[in-house]
Each structure stands twice: as C-alpha cells, then as structure tokens.
Number of protein chains: 2
Amino acid sequence: MLPNGVQYADRFEGISGSAIRAIFKVLARPGMISFAGGNPSSDALPNEICAELARDALLADGKRILQYGATEGYPPFVESLHQYLASTYRFPLDKENILPLSGSTQGLDVLCKAFTNPGDTVLVESPTFLGNMQTLRIYQQKLVPVDSDEQGILLDKLEQAVIAHKPKMLYIIPTFQNPTGRTLAAERRKPIAEMAAKYGFLVIEDDPYRDLRYSGMPLPPIKEYDQSEHVVYMGSFSKIISPGLRVGYMIGQADIIAKCAIAKQGSDLHTSNIAQATVDQFLRRGLLAPHIEAIVPAYREKLNAMLTELATFPTGTAYTRPEGGLFIFVTMPERFHAGEAFQKAVERGVAFVSGTHFYPDGGHHNTLRLNFSNSTLPQIREGMAILRTLFSESLNS
Amino acid sequence: MLPNGVQYADRFEGISGSAIRAIFKVLARPGMISFAGGNPSSDALPNEICAELARDALLADGKRILQYGATEGYPPFVESLHQYLASTYRFPLDKENILPLSGSTQGLDVLCKAFTNPGDTVLVESPTFLGNMQTLRIYQQKLVPVDSDEQGILLDKLEQAVIAHKPKMLYIIPTFQNPTGRTLAAERRKPIAEMAAKYGFLVIEDDPYRDLRYSGMPLPPIKEYDQSEHVVYMGSFSKIISPGLRVGYMIGQADIIAKCAIAKQGSDLHTSNIAQATVDQFLRRGLLAPHIEAIVPAYREKLNAMLTELATFPTGTAYTRPEGGLFIFVTMPERFHAGEAFQKAVERGVAFVSGTHFYPDGGHHNTLRLNFSNSTLPQIREGMAILRTLFSESLNS
C-alpha cells in the first residue's frame, strides 16, 4: 500500500510485470532446468578476458573513465564502435548517427520519450518481445499486432495496418526474432524501408541476435535499404559479449539521435564508462570476431539438440526451426494450455515461458517459448524428456 | 530536420538542453579554466584502486557479473549497500527499501515515470539543479519555485505553495545544494517530513553531496524524520568514488521502490553489474570512509581559496559560504549580466554557469554558479583574478 495521498501515474495502469517476474523467482530453485530466460550461456561469458580489459582500461585512462562522460559516449568507444559498425554494415554512418546505450532496450525507451505521445499507435509483430511491449505500454502506446508467417511479418498485412492506423512506429526484430526465432525474409526487407518512407513512420529495427547465426547466410538489415532515414537500428553486445555490462547502441538520423541523447540524459546521464571502456577494449583488440566464432558452435549444438528432442514430441506439436538466436517457439494443439503445463513443469523441475505473454492481445494459450542457450546438453535432453512426457499427459487427459 | 512525417513528442516542446551543452563544448578548449561543471577533482578519482577492484570482482564472480542481473541490483552490492546505509542512517531500512540506480538522477526519472501525470505540480527550490528540472519538464510537470534563504527552503512559503498547488512532489537538495551550496537548517527538516505526511505528497530528498563536508556537523536527512514513508531518499557514489561508474541508489517505501524498479526495467534493465561490483568491492573492503577522509582536505582548501578570492571582488558581490559540496553561488549587483560576462570570460579562458539556468522561471541574470572542485589551487587563483577584473569592468562600464 502506498503512503497516504500518493498514487501511481496513469501510465502505470495495468503495468505489473508480475507474470514474468514470478517465473524468474521460480528459476532460483536449486536444480531447476530453465528454458525460460534469454540468457547467454555462462560458458560464453568472457569473464577472465574482461577482468584484464577492465583493469587495463582503468590503468591506462582511468581518470577519464571515472569522471563524468558525455551522453554521446566515452570517446574511445564511440570511435571503435563507429569503426566496427562501418566495417559491419553497408549503410553510411557518421559518429553523429550513433548513440551508445545502456543495453539496446534503452533505445526504445528514449525513442518513446522523444517521439511518441500517449495514444499513438505502434505496430508490432505478433508475437513479439514482451519487455519492449511493456515499455510501449508505459508510454501509453496503442499496440497493433501484425501477423507473421515463417518468413516474418506479412507485407500486405503491414501495409493494411499502416493505412488503417497511421502508426508512429513499427517495432520489429528481423533476425532470429524473440520469441519465435524467425528471420524476416530478404525480399521483405526493402519494402518495409520503402513503406516507412512512403507513409512517414519510424521503423525500430531491433537486432541483438544477428551475430548468433548457426546456419544460412546473413541478410542485410532493413537499415541498409533506408534511403529516407526512417529506420532506427538498435544493436547490442549483450548476446555476443555480456548482458551484465549493459552496452548497446542505436543508429539513426542525426536529429533523431540528438533528441534521444537528451532523453537519455535524465535516464542515466551516460552509459557507465567502465562498461563502455571494457567493450571498447574488446573491439580494439580484435577479440569480437574470434569470440563469436568460438561461442557459435556450442549454441548450434544446443539448438540442434533441442530440435532433435522436439521431433519426438506428440503428434500435433509444431515449432520453429531458427537459423540462429536463442529461442524456439512451440505451438501445441489447440486444447493444450501452456500456463497449466507450466505449473506442472515447474513441479518437475523445468521452466519455460507461456507464449501468451508475447502476444499483444494475449490468447494463444497453446504456445510456449523455449530457450536453449542457457542449459547444458544433458539439461536440454533431460528437460525436454520431462516436457515430452508432461505434454503427452496433458494432451491425453 | 527530421525525416518526413516524424515529429517530436509533445513532452519535448521547449526541451533543448542547449544552453548548458553549449558551455560544455567551450570547456573542451585547451587551457580553459572551468568553474562550470560539477565534476569531482581528477585527483580524487581512485582509478588504480578501481582497476584492481574491477579485475578482482570479475575474476571472483565474473560469470554472474557478466550475466543478466536483477533490476533490484547485483546481490552482493545490495548486501554491502544495505549494510553501508544501515550503518550510516538512523532510519530503519530493509533491502526491499533500496533500489540501486545508474546514478541518483535516474531516481527522479523513474519516480516521474511511475508517479506523475502530465500537468502535475512539483515544488522545487529556487534556484535548483538544472538537470533534474529538465527531467521534470520532460515529464510535463508544472514547476513551482519556493523561495529559500541562507538556511534553505522557507517553511511558510513551502506550506503556502503546498496548499495553493497540491503538489505531487517536493524536489529538494538539502545538503550543500546545487547550485547554491546551502544546507537546509536542522530545524527545518522535521517540519518538511511532517508537512508531506499531513498533505500527502512525496518529498524527493536528493543528497549526493552529503559526505563532502569541510566544516560544521552533519545533519540528519529529512528521511530520518519520515514517519509516514513520504520521503524518497536518493544517494550517489558519484561525488565520493566516481561519477563515470554511474552508481547511485534510492531508498523508499517498499511499494514505491517496487514500482520504480518496473520503471527502471525499460530504462536499462539493471545498472551495469561491473559498475555495481566495483562499488561493492569499495564498500566491502572498507575503502570508502578512508577515501572520503583523504579527499576532503583538498576540497576544503579549494573552497577556501575561492572564498578568499571572492572576498576581494567588487563591492556589492554577495556569495554563499558553503560548509561542503562543490559549488559557490554568487549574486552580483542588479545591473550585472552574467550571460554577457560569460561570453567575455570564455574569451579570457575562464568558464562558469550563469545562475539564470537554475531558476525555474529564469531571470536572476546577476547570478552565477562557481565550481571549485575541478580546478587546481593555481587555476582557482588565476581564474578568479580574471573574473574579478572582468566583473569590475562590467560594473563600471
């Protein structure tokens, strides 16, 4: 109960975060096999390297690192990030197009702060990342879901929704999407950039999983087709170095970036310099490409192990076959209820997330998201065997 | 110019941040003596110690530090912070009353997000910290200034404003205030807590300078008188360890903290674990008290040097005599214009901030803020001599 006379803001109406937070409390139980989170594998976290990088950075430039920095970023990191991005992507970009973030999810927060009014419409994939749905809801955005198929968002449905709802933004995760693991087909990317230019809305391209590709060829981001600067690209080092450092970035038109920097001032003034300096050293020493190369095989093996297990699930079990990322999305027969199965699964020592949480309008109670990155191969086999038995029971009861 | 069809949010109407940002570009000029920022002294930043602490933390607990953490904080830091706060303050507090922040300024952002609606009123000191005025304005708060004297905010004026405006919050910096350096008198503290309980508004007690005391006795925070849990206390390690790490905290009633944690999720999910772990080590090894003891004498000397210089300024120069903190506030005769003097001062190699930026309603063009912490003693003498000459010229022209 709040103190006398104190009330929540209207924007917090219906915001509880409790569904998922409750799950994460369950995960703390000893021995729990968790397919629930979106955590990178512990094995993939370069703690010994980072220990040296953080120390070296503080010894070499500690007075600057420990002092107040610019919202626009720790200068050596802005430089190495710029070089990294310029060598990774084919779209032109200058330093004024880049803003370091405290995790890429901060990008959506500052974009909402600077560019949306309550009651504006944002188009989202259905299903989509629930954390960012919460952010959009706190900014009182009207979320309009747009249907997808195996190739990602459906262009005709998207254009219909754009015409009908005049959205401020489209929020989209084009590569190894959360929660589905799907990748937006190459031929659907350019038309999205063109649609944004034609109708005048921002495309928020959230691309944190891009470098975790286990098969197939990399596709150009939507941003590469962006002639009109309507696309804001958000990237992250969370999945390829460390999420605990909280370092990501956004790329966009200079005036958009400038306003987002002002929005970020109140949030945290600037991203922690020690975190920026550690990632800077990682980039500067050429450690990123070999590190990704080193971690990808184990992720590939985990994905394949989980897919192998899913192939033995009861008839009627459908699931995505991602080429990368951290997640598989499972659709069970209509009569299955993932929320009820979750309760029983937890009792048997396995956790996942019910798919309903990822749908803007809820429903889809027969779906669930499985994460494979944060479990060992034996845990994947054991956990999936438990789920197979449980799901069979559920379907036959 | 923004891309076609893209518009700023209404809340960004009139938000530019440019006045102060322009000043900080000036500071980059070589040889500039800056009394403008709020930076700790470079000498006071423990970079070599932090280099070892960051490395040790990553070697000892790197897998957890580099992994996603809880919004509620890196567990060892929550523990050491709780111990530190419990031994520092006399108000009861549990871990659920504490939220680590990415700098204490994030506290106001999440409080505004969770507890204010556009058009609500926030009472502020006049003058007050301009960064947080910008945050309040972005959240479309109506800022109502309340007059202060040498002992801080005037209680009768405060109660009149509370009755007239029914504010959601009072934002107050009770100790070595920014920009004035003033400290709220002991006997005005309890009545503020009582007023909050009586009328039902939140007191946001922003107290980052508290430990930088050079004379006089420490006073209890307003929070110590808070029987009704209307006071939210914000503290920071920015001025006593490092601002570049971005680690602060808020203390408040458990339900307030829980909602602020949800508001923080979208901002940065959690404060960078490496930053939290470094401060944790600083606390755990008992380094904080001796570090503060070590840095205070140099700050005291700088304050006294600047006050000594000010004593030789032209007749009619009035200024505060702080017992701590980073700032002195100067009031010149009415005909003086700090903005014009600033332009000339910069040409002569000295920077400060015009006082007008700190007043919610502007005006007060004869005032300015001087920072003494970030200059050497010779720079203080040289810079103040330049200002003395310049201000004399301005007054006599």
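Me: Helix axes are lines fitted to C-alpha atoms over the stretch in contact, and angles run from 0 to 180 degrees between N-to-C directions. With that in hand, at what angle do helix α2 and helix α9 of chain A pack?

Reply: This is a predicted model, where local features need pLDDT of at least 70, side-chain atom pairs count only at pLDDT 80 or more, and totals for chains, interfaces and linings use all residues. Residues are numbered from 1 along each chain as its sequence is written, while chains are lettered from A and ligands numbered from 1 in the order in which they are written. Helix α2 (residues 47-66) of chain A and helix α9 (residues 273-284) of chain A pack at about 120°, with their axes 9 Å apart. That makes α2(A) oblique to α9(A). The cut-offs: under 35 degrees is roughly parallel, over 145 roughly antiparallel, 65 to 115 roughly perpendicular, and the rest oblique.

Me: Which hand does the crossing of α2(A) and α9(A) have?

Reply: The crossing of α2(A) and α9(A) is right-handed.

Me: Which residues in α2(A) meet α9(A)?

Reply: Contact requires C-beta atoms, placed from the backbone, within 7 Å. In α2(A), C50(A), L53(A), A54(A), D56(A), A57(A), L58(A), D61(A) and I65(A) take part. From α9(A) come N273(A), I274(A), A277(A), T278(A), Q281(A) and F282(A). This contact divides into 9 nonpolar, 3 polar and 2 charged residues. Here Ala, Val, Leu, Ile, Met, Phe, Trp, Tyr, Cys and Pro count as nonpolar, Asp, Glu, Lys and Arg as charged, and the others, Gly among them, as polar.

Me: What makes α4(B) and α5(B) parallel or antiparallel?

Reply: The axes of helix α4 (residues 105-115) of chain B and helix α5 (residues 130-138) of chain B cross at roughly 15° and come within 10 Å. The two helices, α4(B) and α5(B), are therefore roughly parallel to each other. Their crossing is right-handed. T105(B), L108(B), D109(B) and C112(B) in α4(B) meet G131(B), N132(B), T135(B) and L136(B) in α5(B). By class, that contact has 3 nonpolar, 4 polar and 1 charged residues.

Me: What rotation superposes chain B on chain A?

Reply: A rotation of 180°, with 0.0 Å of shift along its axis, does it, at RMSD 0.0 Å. The two copies are thus related as by a two-fold rotation axis. Of the residues of chain B, R55(B) comes closest to that axis, at 2.8 Å (C-alpha).

Me: How do you know through which surface the copies meet?

Reply: 100% of the interface residues of chain B are also interface residues in chain A, so the copies meet through the same surface. The contact takes 72 residues from chain B and 72 residues from chain A. On the side of chain B that touches chain A, α2(B) gives the largest share, 13 residues. By class, that side has 29 nonpolar, 31 polar and 12 charged residues.

Me: Into which domains is chain A divided?

Reply: Domain 1 of chain A covers 10-44 + 295-396, and domain 2 covers 47-288. Their centres, taken over C-alpha atoms, are separated by 26 Å. The contact takes 26 residues from domain 1 of chain A and 28 residues from domain 2 of chain A.

Conventions
Helices (H or I, at least four residues) and strands (E, at least two) are DSSP runs, numbered from the N terminus. A crossing is left-handed if the near helix is turned anticlockwise from the far one by less than a right angle, and right-handed if clockwise. Two residues are in contact if their C-beta atoms, placed from the backbone, lie within 7 Å. Copies are superposed by least squares on the C-alpha atoms of residues with pLDDT of at least 70 in both. Domain bounds come from an automatic or database domain assignment.
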